[in-house]
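Have the sequence and the 3D view open as you read.

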Amino acid sequence: MRIFDRFKYLDPWIYVVVVIVASIGFLMLYSAAQGSLQPWALKQMLRFGVGLVIMTWVGLTDSRFWMSSAYVIYGVSLLLLIGVELMGYVGMGAQRWIDLYIFNLQPSELMKIALVLALARYFHSSTMEEVRQNKYLLTPILLMVVPALLVMRQPDLGTAMMLLFAGVVIIFLSGVQLWKFLVSGGIL
């Protein structure tokens with residue numbers, strides 16, 4: 001199926017709602033700038049437009065592409081997190097961004113998506129017998145703990161906790177028994 005054939009699956013009302021909600025934000029920024037599009041509203045409108053195009057592209061892309069690219073996306077996101085440690089931009093007392101000269105990239109935000117994709121791919125092909133084995137859980141635990149530790153060093157405790165929480169939820173939804181979570185929580 002060609003990508004243009006998928007446009008028939010888009011619901012225009014979703015776009016209407018998203019644009020209305022975003023427009024309320026634009027109006028707030030316009031008002032905060034005393035009736036001027038500068039310095040905030042125009043930049044936000046441009047970001048929204050780019051984001052809407054990216055959102056549409058992601059939504060129209062075949063899910064098999066995302067599944068086959070999950071580990072690559074995770075690896076790139078992990079390398080970007082390491083890059084923050086080596087050459088990250090310091091702003092407001094934290095080293096969380098990479099300066100790309102057009103915009104500042106925060107790799108921890110990409111890692112949220114990459115972690116979910118990587119864990120989904122990992123558990124997609126597993127059987128319930130494998131999921132119930134403790135040794136099978138070592139890989140997903142490492143997949144979520146390594147980036148969480150890198151994000152905590154930035155320091156960004158909130159995002160690190162979100163990564164851990166998202167990972168725990170996916171592991172739970174994959175079929176891991178509840179008692180393992182209770183024992184792990186008791187140990188911590």
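What percentage of the 188 residues in the protein is buried? Buried residues make up 30% of them, where buried means under 20% relative accessible area, exposed over 50% and partly exposed in between, with a 1.4 Å probe and protein chains only. A word on the ground rules: this is a predicted model, where local features need pLDDT of at least 70 and side-chain atom pairs count only at pLDDT 80 or more, while totals for chains, interfaces and linings use all residues. Numbering starts from 1 along each chain as its sequence is written, and side-chain values use heavy atoms, with hydrogens and water left out.

The protein has 8 helices and 3 strands, taken as DSSP runs (helices H or I, at least four residues; strands E, at least two) and numbered from the N terminus. Read from the N terminus, the order is α-α-α-β-β-β-α-α-α-α-α.

Two helix pairs are worth a look. Their axes are lines fitted to C-alpha atoms over the stretch in contact, with angles from 0 to 180 degrees between N-to-C directions.

| Helix pair | Axis angle | Axis distance |
|---|---|---|
| H6 and H7 | roughly 170 degrees | within 8 Å |
| H4 and H6 | about 175 degrees | 10 Å |

H4 is therefore roughly antiparallel to H6, and H6 and H7 are roughly antiparallel to each other too; that label is for angles over 145 degrees.

Who touches whom? Contact means heavy atoms within 4.5 Å. On the H4 side, Ser108, Met111, Leu115, Leu119, Tyr122 and Phe123 meet Thr139, Pro140, Leu143, Met144, Pro147 and Val151 of H6. That contact divides into 10 nonpolar, 2 polar and no charged residues. Here Ala, Val, Leu, Ile, Met, Phe, Trp, Tyr, Cys and Pro count as nonpolar, Asp, Glu, Lys and Arg as charged, and the others, Gly among them, as polar. Between H6 and H7, the H6 residues include Ile141, Val145 and Ala148, and the H7 residues include Leu163, Gly167 and Ile171. This contact splits into 14 nonpolar, 2 polar and no charged residues.

Now zoom in on Ser108, which sits in H4 (residues 107-124). Ser108 counts as buried because its relative accessibility is 0%. Leaving aside neighbours within four places in sequence, Ser108 is in contact with Leu81, Val151, Gln154, Asp156 and Thr159.

Finally, the strands: E2 (residues 94-99) and E3 (residues 104-105) run antiparallel and are joined by 2 bridges, and pairing takes at least two DSSP bridges. Ile98 stands opposite Leu105 in E3. The E2 and E3 hairpin has 4 residues between the strands, and Tyr101 there takes a positive phi near 70 degrees.

Terms used: Parallel < 35°, antiparallel > 145°, perpendicular 65-115°, else oblique.
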